[in-house]
Amino acid sequence: VEPRMNVLSKLVVYAGVYLLATCAQAQSNNVHGVLRVVKGDVQVKSSKGDTQKARIGAKVFPKDVVITGKDARAKIVMVDNNEINVSPDSQVEIQHYEYDPAGGKKDVLLNVIYGKVRSKVEQKYDGKTSKFQIKTPGAVAGVRGTDFMVGFNRADSSSQVVTFHGKVEFGVPGPGGTIASAVFVTPGMTAASSAGAAPTTPAPMPKEELAKMDKDSNAETPKAQSPNANSNEQRTPAEEKKEGAKEG
């Protein structure tokens, strides 16, 4: 009996190890992106409700929510090399990020709970068979491949889109993931929607305001800024080495 028990025990151990390895592999396959810039108080809340301090190199998984405090910001480089820049005082959920070029599947949905997020989209989406959308509590923006920012103001329940490059389709959520009452926001233009109403006609953003917004919505450190300007800023070893070479 004893040899049989030993064999059974070994089988149980092997099964447990296999299960853990399978779970780890599944989690690895579900990685949506990696945090590349973290400045100030940035937290990541998982789908299980656990909240941890964000760190450079940390992986972002399905349903993760990135939360930035005052004067804090973060940049996530996604699996397809698109960049997501989260502005200060924001909460953004990576609700869905499917990228499978071999299988012809590209489907992205970000949720701006409040605050602002800027997306630099290098991939091409047709808005039908492949989608890249960012939604707020009252509006939704869809892109084909561009550089734009979406914001939601909790004080007045208003949503705004500003386009830096490319073209953004902006409107209210329609059936089946469509965008209703849509307008197209081209470079240098902005449009807004209040409390879920149809968006305003796109209008030019004043150049100075656009330039400031362009700078403020980028998580990277401006070249003119001192490396010691923010003691909470984290940088990758490669960035620190590059900075040291410049100083030398």
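Residues are numbered from 1 along each chain as its sequence is written, and side-chain values rest on heavy atoms, with hydrogens and water left out. Because the model is predicted, local features need pLDDT of at least 70 and side-chain atom pairs count only at pLDDT 80 or more, whereas totals for chains, interfaces and linings use all residues.

Strands here are DSSP runs of E with at least two residues, numbered from the N terminus, and two strands are said to pair if DSSP finds at least two bridges between them. Strand S13, residues 158-165, is mostly covered, since 6 of its 8 residues are buried; buried means under 20% relative accessible area, exposed means over 50%, and partly exposed lies in between, with a 1.4 Å probe and protein chains only. S13 pairs with strand S12 (residues 147-153) in the antiparallel sense over 7 bridges, and with strand S16 (residues 189-194), also in the antiparallel sense, over 5 bridges. Phe152 has Ser159 as its bridge partner in S13, while Gln160 stands opposite Ala192 in S16. The hairpin of S12 and S13 has 4 residues between the strands, and in it Ser157 takes a positive phi near 55°.

Phe152, which lies in S12, counts as buried because its relative accessibility is 11%. Its C-alpha atom is separated by 6.2 Å from that of Thr136, 16 residues apart along the chain. Contact means heavy atoms within 4.5 Å, and, leaving aside neighbours within four places in sequence, the residues in contact with Phe152 include Val112, Tyr114, Thr136, Pro137 and Ser159.

**Nonpolar cores**

A nonpolar core is a set of buried Ala, Val, Leu, Ile, Met, Phe, Trp, Tyr and Cys residues joined through side-chain atoms within 4.5 Å. The largest such core holds 38 residues, of which Phe132 and Phe148 touch the most other members. Strand S9 gives the most to this core, with 5 residues. A second, separate core of 6 residues includes Met149, Phe164, Met205 and Leu210.

Ser119 lies in S9, residues 105-120, and counts as buried because its relative accessibility is 0%. Beyond its neighbours within four places in sequence, Ser119 is in contact with residues including Phe132 and Phe148.

**A buried aspartate**

Asp64 lies in the loop between strand S4 (59-60) and strand S5 (65-68). Asp64 is buried yet has no salt bridge, and the nearest side chain of opposite charge, Lys48, is 9.9 Å away. Lys and Arg count as positive and Asp and Glu as negative, with His and the chain ends not counted, and a salt bridge is a side-chain nitrogen of Lys or Arg within 4 Å of a carboxyl oxygen of Asp or Glu. The side chain of Asp64 does reach the backbone nitrogen of Phe61, at 2.8 Å. Leaving aside neighbours within four places in sequence, Asp64 is in contact with residues including Val44, Lys45, Lys59 and Glu93.

**Positive phi angles**

Asp89 and Ser181 each have a positive phi although neither is a glycine.

Definitions and conventions:
Polar contact = N/O pair within 3.5 Å; in protein donor to acceptor, adjacent residues only side chain to side chain.
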